[in-house]
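Please open the model in your viewer and follow the selections below in order.

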Amino acid sequence: MSWEIVIGLEVHAQLATSSKIFSGSSTEYGAKANTQASAVDLALPGVLPVLNKRVLDLAIMLGLAIDGEIASESIFSRKNYFYPDSPKGYQISQYDKPIISKGQLKFVNNGEEKMINITRAHLEEDAGKSLHGEFERSTAIDLNRSGTPLLEIVSEPELRSAQDAVLYLKELHCLVRTLGICDGNMQEGSFRCDANVSVRKAEDPELGTRTEVKNLNSFRFVEKAINYEAARQIGVIEEGGVIKQETRLYDPEKNETRTMRSKEDAHDYRYFPDPDLLPITITAEHIARIAKDLPETPWNKRLRYLKDYGVSSEDAEILANSPETSVYFEACMRKSTLSPKLVANWIIGELSALINKSSVTISKSPIVPERLVSVLKRIEDETISGKTAKHLLGLMWDSSSSADQIIADEGLGQVSDNELLEKVISQTLTNFPSQVEEYKAGKLKILGFLVGHVMKQTKGKANPAMVKALMEKNLRQSK
Amino acid sequence: MNLPNSVTEIIQGLENGTFSSQELTKAYLNRIDNLDPEINSFITVCHERALLDAKNADRSRSNGSANKLTGVPYANKDIFCTKGVRTTSGSKMLDTFISPYDATIVERLGSQGMVMLGKTNMDEFAMGSSNETSFYGQVNNPWNTNCVPGGSSGGSAAAVSAGFTPVATGSDTGGSIRQPAAFCGISGLKPTYGRVSRYGMIAFASSLDQAGPMGRSVEDLAHLLSPMAGYDPKDSTSSMVKTEDYSGNLEDALKGKTIGLPKEYFSTSLDRQVEGVIEEAIKEFEKLGANIVEISLPTTSLSIPAYYVISSAECSSNLSRYDGVRYGHRCELPIDIEDLYKRTRSEGFGEEVKRRLLTGTYVLSSGYYDAYYRKAQQIRRLIKDDFANAFTQVDAVISPTAPTTAFETGKHLDNPVEMYLGDCFTVASNLAGLPALSIPAGFVGGMPVGLQLIGSYFQESKLLTLGHMFQKSTGWHQHFSRDDSEGTQ
């Protein structure tokens, strides 16, 4: 009897709006404490929330992308609890009528396609931050984050391993970034995840008691925390204990989870519809307007790359997973008739290496798609070799000159003049008679030496494949 | 000086130069200083600010940039946030709170050039029907200082009645404009929910709260309502329905108008003498040409319990922000966050507020929500349907505003439910969101009796016309509790 791990994920994606969900304050990260907190964010007496309508567009985009139901009417409810960084004493969230429900997300694990149901995605406001240790015997409150719009995306408990959980999360992360509804920055807390974890014997139809694990702010921690928590639960049960329903905090330093609050301490949130806000109504026209400009999902993009461009599935994934990289790749393909595999290789290989060395992103790369294309064209027409192209890209990174200009200025063009090559080759064969004899005796490896000599004579500008071919022809003829 | 009797008179006097806004403002401030100690209708009087505003108003008058209401003094219930002025909502919790912003209606009345005399007393967080729950002490009824002025806008009602201000703002969650208007012998209008912005009005029960004007006559209510009413982008529940020229449409024949008399409102809880006054008023409307028909509002008896469940639920959440963290009262030397919350809120809130917070928390609790909050919302829908049905036959519904005249101070203090039952005629229009007007209709034992007219949605003009025509023919609104010249020096 083996153990099965059952995982459901709750993801908080910060929606990419410039102002807060219920006030006009800026949502920019990293400002001086409490400089982005208006009367509404401070919950002064008498203030009222007004919905930032942009959040509806962003939520609808996700709803469409996960093929979910978009509620024609959904409502904001108040979740009541006292906490110092929750200034109203309640959080405005959605309860029994979320804006999105019943979606799906697909991902691939080890070649196997998996589909996870998404129970719901609802809008809510973020809390502020409590800062401990800034002042002696006091906690400081920063309300800059208070009222930042969040979309909480809740999956069904259908994930069966930490690896699956991470792959689902990466797919979702990639999706919200591709849609442009969330910047996905996990360090800044724009994309946060809580995991509901339980274990059961594989043949048991009932789910085990779950714990909710919080503070998972990287993909690596999600995997480690789930594995730790599942092992802990199995250990408890195998020693005859029972799992208590509770909220646990992951400690990445010690790689363990600890009790944060037990079920007995759980709040009664006393949800009720917020009388300050009208129900949200979404019309079919509104949905159609958003659908018209909806970016392609990463999943569909990967399929298209495989089908239309014939790139490998690994390359398709790398290109499609980053919105910036896919925009770059497609720009290259639009501007040329180059082989997609060649373009993919160079973006993933050399260009990425250059980008990683500097601190720019691909969308800000000084080698814009046109410039990369001009280099690849010179490889394809054999003006330069791959090795030279690497060198050329390096030069282009720091220069505004065109590829052809640099090839001319630096004398990088490879020799493909047959007549010239024939001359060098015949001279080489004359100068190395014993090597020629060895070749003819069956020691075919010696060909490398002879080709190498030609390359040396032409200062590397000859096309090695061409030299090899010509050399073989000459050797056959001199039999 | 002899104080003018109405806003209409004030506008004429300012336009003709009979008096300046500064003279008028000074006279009102003097009267407050001299006579209010006996009434306690103001929490804060803004002497300097009022005189400065009056000076600016006089300047606008002389250079021709004045509006109709420029230089007209008024008072704000202390539930409306006023920038730079203490705004308490009648609570110790906000004793030190100086608002950094103006409520929308304060801004709108200010931009008309009106002069704010001060902030009027009220039940704590507007929870009460007698003005006895204020942290700043009870307000006394100017007609008989042993009696309550009603609540929660008791300060505004008493101040208007005593001639401390020509008009005042009030707020009405379950009758808080109409019942004190009735008890103090003045006029008061609770507009349709959404007609007047709630932004900057300290919330009691968000789905019921509505600001409105209080004054000596319906005509004065119309003057004040015009700048108060209208859509506000800062309040999602405010309505985009167009406003009307409320003072321009007051005169209209009542012939052909139908007024409904709900049989359920004339029950055993109604004082016989009050009933007699209302019957006389009904005859007056018939004389003016209106057609009176009996109607039925079968859900009437359910409105009090539904109201106290919904209003308490909402206030338990609305008042959570008073936690001692950011502003307002904070207990001394809290040992931890739990202690901070407990002591701050135990010390800062009065008994009635605590009672409602506990009730509200209870009715929203898991396991009780369906039995109380959900059921109350279902009743609320039935009440709405009752009225919608009635308004297919009638232009307005008539009733007493309250079952009795102003009662003696302290009478219901030991029995809150008895106090709540006094709201039986007023809470239904809040639950349904309908506009309702209270006007003086006579006296019982020297105390004024209020008559209530409930209209359909956004029919404020129709209600005001009914009220105005009644006032033109009866003159009950011209009985004043204090002599006009007393204490103005």
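Begin with the two chains together: 36 residues of chain B are in contact with 24 residues of chain A, contact being defined as C-beta atoms, placed from the backbone, lying within 7 Å. This is a predicted model, in which local features need pLDDT of at least 70 and side-chain atom pairs count only at pLDDT 80 or more, whereas totals for chains, interfaces and linings use all residues. Residues are numbered from 1 along each chain as its sequence is written, and chains are lettered from A and ligands numbered from 1 in the order in which they are written.

Next, select α9 (303-318), α10 (337-348) and α11 (351-364) of chain B, each of which supplies at least two residues of the side that touches chain A. Helices (H or I, at least four residues) and strands (E, at least two) are DSSP runs, numbered from the N terminus. The largest share of that side, 3 residues, comes from α9(B).

Now move to α8 of chain B, residues 272-287. This helix has 16 residues and reaches 23 Å from its first C-alpha to its last, close to the expected 22 Å, which is 1.5 Å times one less than the number of residues.

Which residues of α8(B) are buried? Select B:Val274, B:Val277, B:Ile278, B:Ala281 and B:Phe285; buried denotes 20 or more other C-beta atoms within 10 Å of a residue's own, and exposed 12 or fewer, with C-beta atoms placed from the backbone. These residues cover an arc of only 95° around the axis, which puts them on the same side of α8(B); the arc is that of the directions from the helix axis to the C-beta atoms. Their cover includes β7 (258-262), β8 (291-295) and α15 (460-474) of chain B.

Turn to the face directed away from the buried side, where B:Arg272, B:Glu279, B:Lys283 and B:Lys287 are exposed.
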